[in-house]
Amino acid sequence: MNASTPPPFHYGFPLRENCNPNNPYEAFLWMLVSKRLWDLGARPTEQPVLKYRKPSNMDANWMTSPGDWVPADTPDDDPRSPARRAADSLMPIQKAEVFRELAKDMTPKQRYEYLQAAMKEADE
């Protein structure tokens with residue numbers, strides 16, 4: 001039997017009264033018959049040993065890319081979008097230059113609408 005295989009439960013049907021509250025395989029067995037709660041920190045004195053990490057690709061469909069359970073001390077992914085990370089790495093003069101280049105691909109009406117929306121967003 002390896003470390004992830006729970007030992008057999010020898011006390012009939014799991015009830016709160018017959019489950020050992022200090023054993024990660026039995027502490028919540030009476031609730032859900034699962035060790036997952038223990039791994040996520042469902043005990044009063046310990047920190048979680050696992051955490052959920054969203055999928056790294058843009059398709060956040062739980063059926064095709066459900067994410068991962070990783071050790072709790074795994075660094076979190078950068079929540080910023082790729083465009084925001086790129087913009088944050090530029091100096092103000094570079095940001096202005098990029099904006100001028102992007103604006104060349106817009107009609108005057110599109111530029112006006114974009115600037116109006118950006119000013120409204122900045123005020124909020």
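This section describes the fold, the charged pairs, the aromatic contacts and selected residues of a predicted model.

The protein chain contains 5 helices and 2 strands. Read from the N terminus, the order of elements is α-α-β-β-α-α-α. Of the 124 residues in the chain, 17% are buried. Among contacts between residues at least 6 apart in sequence, 7% join residues at least 24 apart. The accessible surface of the chain amounts to about 10,400 Å². E26 is buried but takes part in no salt bridge. The nearest side chain of opposite charge belongs to R16, 12 Å away. That distance lies beyond the cut-off, as a salt bridge requires a side-chain nitrogen of Lys or Arg within 4 Å of a carboxyl oxygen of Asp or Glu. Neighbours within four places in sequence aside, E26 is in contact with F9, Y11, N18, C19 and N20. F28 has a relative accessibility of 18% and therefore counts as buried. The limit for this class is under 20% relative accessible area. F28 and R43 are 15 residues apart along the chain, and their C-alpha atoms are separated by 9.4 Å.

M31 is found in helix 1. W30, M31 and L32 make up a nonpolar surface patch of about 290 Å². M31 counts as partly exposed, because its relative accessibility is 43%.

A search of the whole structure finds 2 aromatic pairs. One of them is formed by Y52 and W69. The ring centres of Y52 and W69 lie 5.8 Å apart, with 65° between the planes. The arrangement is edge-to-face, since planes over 60 degrees apart fall in that class. Y52 belongs to strand 1 (residues 50-53) and W69 to strand 2 (residues 68-71). The pair links distant parts of the chain, its members being 17 residues apart. Y52 is partly exposed, with a relative accessible area of 43%. W69 also counts as partly exposed, at 43% relative accessibility.

R53 is placed in strand 1. With a relative accessible area of 25%, R53 is partly exposed. Beyond its neighbours within four places in sequence, R53 is in contact with G67, D68, V70, T74, P75 and D77. R53 and D77 are 24 residues apart in sequence. In space, the C-alpha atoms of R53 and D77 are 8.1 Å apart.

Charged pairs were then considered. The structure holds 6 salt bridges. R80 forms one with D78, where the closest N and O atoms are 2.6 Å apart. R80 is partly exposed, at 33% relative accessibility. D78 is partly exposed too, with a relative accessible area of 35%. D88 and R84 form another salt bridge, the closest N and O atoms being 2.8 Å apart. Both D88 and R84 lie in helix 3 (residues 82-88). They are 4 residues apart, about one turn of the helix. At 37% relative accessibility, D88 counts as partly exposed. The value for R84 is 39%, and R84 is likewise partly exposed.

A further salt bridge joins the side chains of E101 and K104, with an N to O distance of 3.0 Å. E101 is partly exposed, at 43% relative accessibility. K104 is exposed, because its relative accessible area is 59%. The cut-off for this class is over 50%. Salt bridges that share partners also join D78, R80, R84 and D88 into one network.

Definitions and conventions. Residues numbered from 1 in each chain as written. Predicted model: local features only at pLDDT ≥ 70, side-chain atom pairs only at ≥ 80, totals over all residues. Heavy atoms only, no water. Buried < 20%, exposed > 50% of the residue type's maximum accessible area, 1.4 Å probe, protein only. Lys, Arg positive; Asp, Glu negative; His and termini not counted. Contact = heavy atoms within 4.5 Å. Areas by Shrake-Rupley, 256 points an atom, 1.4 Å probe, with all protein chains shown as cover. Patch = residues over 30% accessible without salt bridge, like charges linked within 9 Å, V, L, I, M, F, W, Y side chains within 5 Å. Phe/Tyr/Trp six-rings, centres within 6.5 Å; stacked < 30°, edge-to-face > 60°.
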